[in-house]
Each structure stands twice: as C-alpha cells, then as structure tokens.
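Please read them with the structure open.

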Amino acid sequence: MRVAVGGYLVSANSFATQRVELEQFQRATLSGPDLLTRLGRGDGALAGFLRGARENGWEAVPLHFMFPGLFGKVRQECHQWAKETFVNTLRKAGRLDGIFIQLHGTAVADRTEDCEGDLLGALRAVVGDKTAIIASLDGHANVTPEMVRQASMLIGVKSNPHYDFGAVGYQAARVMAAMFDRSMAPVSAWAQPAMVAPLQKLYIAPGWPMDHLMRLARARAAADPRVVDVSLLGGFFVSDRLETGISVVATTNREQGLAVEIAEEIKDACWTRRHQFHADLVSVQDAVREAIATDETPVVLGDVADSGGAGTPGDGTAILAELLKQNARGAVVGNIADPAAVAEAIAAGVGSSVRLTVGGKVDRFHGASVSISGRVRTIHDGVFTAATRFNAGTYHRGPSVVVDCGGIEVILTARQTLVFEANHFRSLGIEPTARKILVCKAELQHRAGLAEIGRTFIDVDAPGLATQVLSRLPFSKIRRPVFPLDDI
Ligand SMILES: [Zn+2]
C-alpha cells in the first residue's frame, strides 16, 4: 500500500494585525524526504501515523508540512499557494491508497473562511472517492461540515493542553488499515451546540467542564464496538468562521444513525453545561493587589488576552504597568516581545543600567508602551526546551534579555511565544519557585505547566485581541445567535 502524508498546521486570529507573508509561509514548509526524517520521530501526529505505516509495511509518500506560526488572518495568496502546492505534488505522486494529513483546523484566509475544508476538497478532487483520507485535528479545531464531507474521517486530540497527537496519528493508521482490508467503512456525523467557549475554559483537568464532557465522549466511544471514535473539539474563538466553537464528530463503522445519535447526545451535554463556560477573570488592579497580598505563592498571573498561543503580538503591558504602579516585589514578567528594546539592552550590555520603553508597539489593543528602568542582568539566545509532555520541544524566542527593575524582573524577547513552564524562566537564570509573582502569556497552558510550582492562579482581564470576554471582539462570520454573545 502507498500512503501520502502531510500537514497544514495553519491557524489565524481573525482580529490580529500581524500577518504572515508568502515567503515566510514557504520557509515554514517541509517537503520531500526531509519531511519524513524530521517528523517521523518524536510524538507528533505524523510520527504516530508513520509508526502505524511501518508496522503495516506501507510505503510513505511525503507531501508537505506547513507550519507558519499563528498570527492574523492568512493571506489569500498563502492559502492559494498551499493548496496548489499540495495538489501539484499529489498529482505527481502516482497511485495512492490513502492520505493522512495533520490539520490545526483554524485557518481563515481573506476570501476562504474554511481553509481546511477547501484543502481537503482539493485533495479529494485529485484522488477521487475511493481513496482513504484521514485528517487529525488539533483540539482547538473549528470543524465544518465541509471538512467532514471531504475526509473519510476526522480524529481530534483528546487532551488540552494537547499531548496525544502521536496516539491520534497511530489511531488514524489503524483505521486506515481496517479500511484497506474492508473490515471498516467509517461514517461520521458532525454536531455543534450554539455556543463558543473562551480558550481559558477548555482546560481538560479534574473539575473543569471540558473534562466532564470529554469523559462522556470517551465513555460513549468505549461502550459500543461499532463506534470508531468520538472527538469533542473545543474550538478557537479568535478564528472567526461560521462554525467557530465547540463541535462533536462521531464516527462509526457503517452506522450513520448511530453516529448522528452520539454526536447529538454530546452536543446536548455541552449545551446543558454552557453556563460553566463563562470566562473567569479578575481585573488587572485587583489581580495585582491579590497577588501582592497573598502568602500562597508563587502566584501565577495569566495574561490570557495576549496568549502566545492565540495570534496576539505578545507585547501586552497592562500587568507590567500595574505591577510597577503597586510597587510589587519578587515579580517576573515573562515575556514581552519587543525586538527594539531587546536590541537596546544588548547594545548596553550585561550590568548596564538602562531606561527602556517596552511593549504596546504593534497595535493599539494591548496597552500602552511602558517605561522601565533597571539593570541588564542576562543576555541569552532565547532557545530553551520545554520539559512538559504537552507543547514539548525547543522554543526559539529570539535574542532575549532580563532587565532587573528592583522588585520586578522583565523578560524581553525578540519573538512572541507561549509562556507556560519552568524552563522558560530557568533558562534565563530565574528560579520560578523563588519568586512571588509569575506573569505568563498563555490561555491555559500555564495552569498545567506550572501546576507543581504555582500555588495561586489568577487569570487577568487585561486588554488584548485574545480577550476571554468574547463580546468585546468584532465577530462578523460566526453563526448567530450563539452563546455567550447572545443571551440564549
Ligand atoms: Zn490547540
């Protein structure tokens, strides 16, 4: 058997102003044997699928793997190039029995609202109806009926933060093997409640609503041998499309009625619990006051509106400004992306006293620039490895500095990244357990990544284009009425 593999890990914050240029998009594309070598190991979805392919003795044919990073809306020329590149390679690939593609499920381009449905449709048009196409989805995918229609099957990860990509890829290979020997013909049903959830509330851990719903989905899948998979996707509200939000894809072996029944059942369970998905935030002023007052430290302040995982610039300053105003001690702000300020600090050198204007420079949605005075304590290449089992791997923050402003250490980096775990700080000589306040730019990853360290977690209602108060964002595509934007 010959199976083609690829990935379209493209994502967009429809409201953000920074965008990826075509050249940048092309640079972030792996092709040919390089793709199989680089992605065939580790615990990613492709590694999982390729393990299954090897066990079955299949020949793997590389397509492309595109991962341009998360910023604003995808430029139409980028999506067009991506689609044509996939189609051209597929046309030359010879006879294929199956395709496995890893999708993020949140790409919105200028004129294509559902980039994944469009891409899957283009792949399907080349290979025809008889070829298996299985796509894995990130847990944040905004799934559309078109995606369900064009793929033979969609499988979502079941964790958030996500750590089971490898398992999902391997599952895809098992399903494909069963399709090849005709013991399985997957049929799927998609259902979606009229709700969209803040990212903060998609945490899958005991006591959180998504955990309960995911257990329900897992139990439904395990209870009946005719069920192949039940995927519950949390959605990604900043990616504005008609179907943005929570959705369910239930897949059975040849039993369409059963798939519909299960998808509807999980959908109804989500709807019933919709009030548990209200954002849980504390004002900037109160959050800093509480953090200073409590003895339960370290306090982890989540800058959830400027999460490095949601396409915002990562240069939001509101929490830093308030820490300075309230004269906090033992606080670390990690990190503010500001290449100009980093360059200034590096030019001054380690040990120098500097006065810098930091953050708030990319757009007008993430607070004003803040003036800081302090000593440049560390200059670093910004590379570190996350030691967590989710979002694991090596991070490149670009040139980075730590400016010690007395009671507040400010980490400045050239690029925006998620800030969610201990090595983020330790790589720069900061021991997080010895600090009182840790500011993290993440939506929920900090809760998992610093679970062992943080004793108090407060998500802060700072300004930003990933604000968890959805009514503040200028949605134009999402279906209405939808909870919580409408009072239903
Ligand atoms: Zn995700």
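1. A loop residue first. This is a predicted model. Arg-182 sits in the loop that links H7 to strand S9 (186–191). Its phi is near 65°, a positive value in a residue other than glycine. Most residues other than glycine have a negative phi. Is Arg-182 buried or exposed? Arg-182 has 7 C-beta neighbours inside 10 Å, so it counts as exposed; the cut-off for that class is 12 or fewer.

2. Asn-327 is not a glycine either, yet its phi is positive, at about 55°. Asn-327 belongs to the loop between helix H11 (318–325) and strand S13 (331–337). Because Asn-327 has 10 C-beta neighbours inside 10 Å, it too counts as exposed.

3. Cis peptide bonds. Most peptide bonds are trans. Asn-160 and Pro-161 are joined by a cis peptide bond, with omega about 0°. Pro-161 falls in the loop between S8 and helix H7 (165–180). Another cis peptide bond links Arg-480 to Pro-481, and there omega is about -5°. Pro-481 lies in the segment after strand S21 (456–459). Please check both sites, Asn-160 to Pro-161 and Arg-480 to Pro-481, in the display.

4. The sheet. An open sheet of 6 strands runs in the order S3-S4-S1-S6-S7-S8. Its pairing is mixed. Which strands stand at the edges? They are strand S3 (29–31) and strand S8 (153–156). Each has a single partner strand, so one side of each is left without a neighbour in the sheet. Neighbouring strands of this sheet are turned by 15° against each other on average, direction ignored.

5. Strand S6. This strand covers residues 98–103. How many of its residues are buried? The count is 6 of the 6, so S6 is largely enclosed by the rest of the structure. Both faces are covered. Gly-98, Phe-100 and Gln-102 are buried on one side. Ile-99, Ile-101 and Leu-103 are buried on the other.

6. The partners of S6. Strand S1 (residues 2–8) pairs with S6 in the parallel sense, over 6 bridges. Gly-7 is placed opposite Gln-102 of S6. S6 also pairs with strand S7 (residues 132–137), again in the parallel sense and over 6 bridges. Here Phe-100 stands opposite Ile-134 in S7. The chain passes from S6 to S7 through helix H5 (residues 115–127), and this β-α-β crossover is right-handed.

7. The S3 end of the sheet. S3 and strand S4 (residues 59–66) run antiparallel and are joined by 3 bridges. Thr-29 has Met-66 of S4 as its bridge partner. Helix H2 (residues 32–39) lies across S3 and S4, and runs at about 90° to S4. Helix H4 (residues 76–91) packs on the sheet and touches S1 and S4. The direction of H4 makes about 165° with that of S4.

8. H4 against H5. Two packed helices are described by the angle between their axes and the distance between the axes. H4 and H5 pack at about 20°, and their axes are 10 Å apart. The two helices are therefore roughly parallel to each other, since angles under 35 degrees fall in that class. Their crossing is right-handed. On the H4 side, the contact is made by His-79, Lys-83, Phe-86, Val-87, Leu-90 and Arg-91. On the H5 side, the residues include Leu-119, Ala-122, Leu-123 and Val-126.

9. H8 against H9. Helix H8 (residues 209–223) and helix H9 (residues 256–272) form another helix pair to inspect. Their axes come within 10 Å and cross at roughly 165°. That angle makes H8 roughly antiparallel to H9, because the class takes in angles over 145 degrees. The crossing of H8 and H9 is right-handed. H8 contributes Leu-213, Leu-216, Ala-217 and Arg-220 to the contact. H9 contributes Ile-262, Ile-266, Ala-269 and Cys-270.

How values were computed:
Residues are numbered from 1 along each chain as its sequence is written. This is a predicted model: local features need pLDDT of at least 70, side-chain atom pairs count only at pLDDT 80 or more; totals for chains, interfaces and linings use all residues. A residue is buried if 20 or more other C-beta atoms lie within 10 Å of its own, exposed if 12 or fewer, and partly exposed in between; C-beta atoms are placed from the backbone. Helices (H or I, at least four residues) and strands (E, at least two) are DSSP runs, numbered from the N terminus. Two strands pair if DSSP finds at least two bridges between them. A crossover is right-handed if, with the strands pointing away from the viewer, the path from the first strand over the helix to the second runs clockwise. Axes are lines fitted to C-alpha atoms, for helices over the stretch in contact, and angles run from 0 to 180 degrees between N-to-C directions. Angles under 35 degrees count as roughly parallel, over 145 as roughly antiparallel, 65 to 115 as roughly perpendicular and the rest as oblique. A crossing is left-handed if the near helix is turned anticlockwise from the far one by less than a right angle, and right-handed if clockwise. Two residues are in contact if their C-beta atoms, placed from the backbone, lie within 7 Å.
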